[in-house]
Amino acid sequence: HIGYAVMPWKKGRGYATEAMRLMLHEARAVGLDYVEITTDLDNLASQKVVLANGGILVGRFAKVAAYGGAESLKYRIDL
Ligand SMILES: CC(C)(COP(=O)(O)OP(=O)(O)OC[C@H]1O[C@@H](n2cnc3c(N)ncnc32)[C@H](O)[C@@H]1OP(=O)(O)O)[C@@H](O)C(=O)NCCC(=O)NCCS
């Protein structure tokens, strides 16, 4: 699982995009072939971070009830 958040006053400077790029190096280094990342439908900033790092939309899924059950997007990044 890769989770990410940027302090509101530091958003929009490319930090999340760069942080994910660096994290993908780590994932590769430990031998993973791909990672899966999920975002909410309305989280356009997060979707852009994933797409900028080569994410391909795999499909939609319903979150488990404990997380609200909302429909979400699943992306895959091949490493
Ligand atoms: C998602 C998040 C981590 C992005 O952090 P960030 O450092 O601002 O992201 P970046 O600066 O790398 O920019 C990401 C892209 O989203 C765009 N963007 C930012 N806010 C946006 C918005 N409200 N709507 C559409 N696009 C938006 C930026 O312009 C940028 O696009 P670009 O590459 O075409 O210029 C940050 O908004 C955040 O912490 N959100 C709350 C936590 C969260 O949602 N985490 C992800 C859970 S899946």
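Me: Which element gives the largest share of the shell around the ligand?
Reply: Happy to look at this with you, keeping in mind that the model is predicted. Helix H1 (15-29) and helix H2 (44-52) are the elements that each give two or more residues to that shell. The largest share is five residues, and it comes from H2.

Me: How many residues surround the ligand, and where does the ligand sit?
Reply: The ligand is surrounded by 17 residues. Among the closest are Tyr4, Thr17 and Asn43. As for the site, the ligand sits in the largest pocket.

Me: How much of the ligand's accessible area does the protein cover?
Reply: Start from the ligand on its own, which has 950 Å² of accessible area.

Me: Which residue lies over the face of tyrosine 34?
Reply: A charge counts as over a ring if, for Arg, CZ is within 6 Å of the ring centre and within 35 degrees of the ring normal. Here the distance from the ring centre is 3.7 Å. The residue over tyrosine 34 is arginine 76.

Conventions. Residues are numbered from 1 along each chain as its sequence is written. This is a predicted model: local features need pLDDT of at least 70, side-chain atom pairs count only at pLDDT 80 or more; totals for chains, interfaces and linings use all residues. Side-chain values use heavy atoms; hydrogens and water are left out. A residue is near a molecule or strand if one of its heavy atoms lies within 4 Å of it. Accessible areas come from the Shrake-Rupley method with a 1.4 Å probe; for residues, only the protein chains shown count as cover. On a 1 Å grid over the protein atoms alone, a cavity is a set of points where a 1.4 Å probe fits but cannot get out, and a pocket is an open set with protein on both sides within 12 Å along at least five of seven lines; lining residues have an atom within 4 Å of a point. A molecule sits in a cavity or pocket if more than half of its atoms lie within 2 Å of its grid points. Helices (H or I, at least four residues) and strands (E, at least two) are DSSP runs, numbered from the N terminus.
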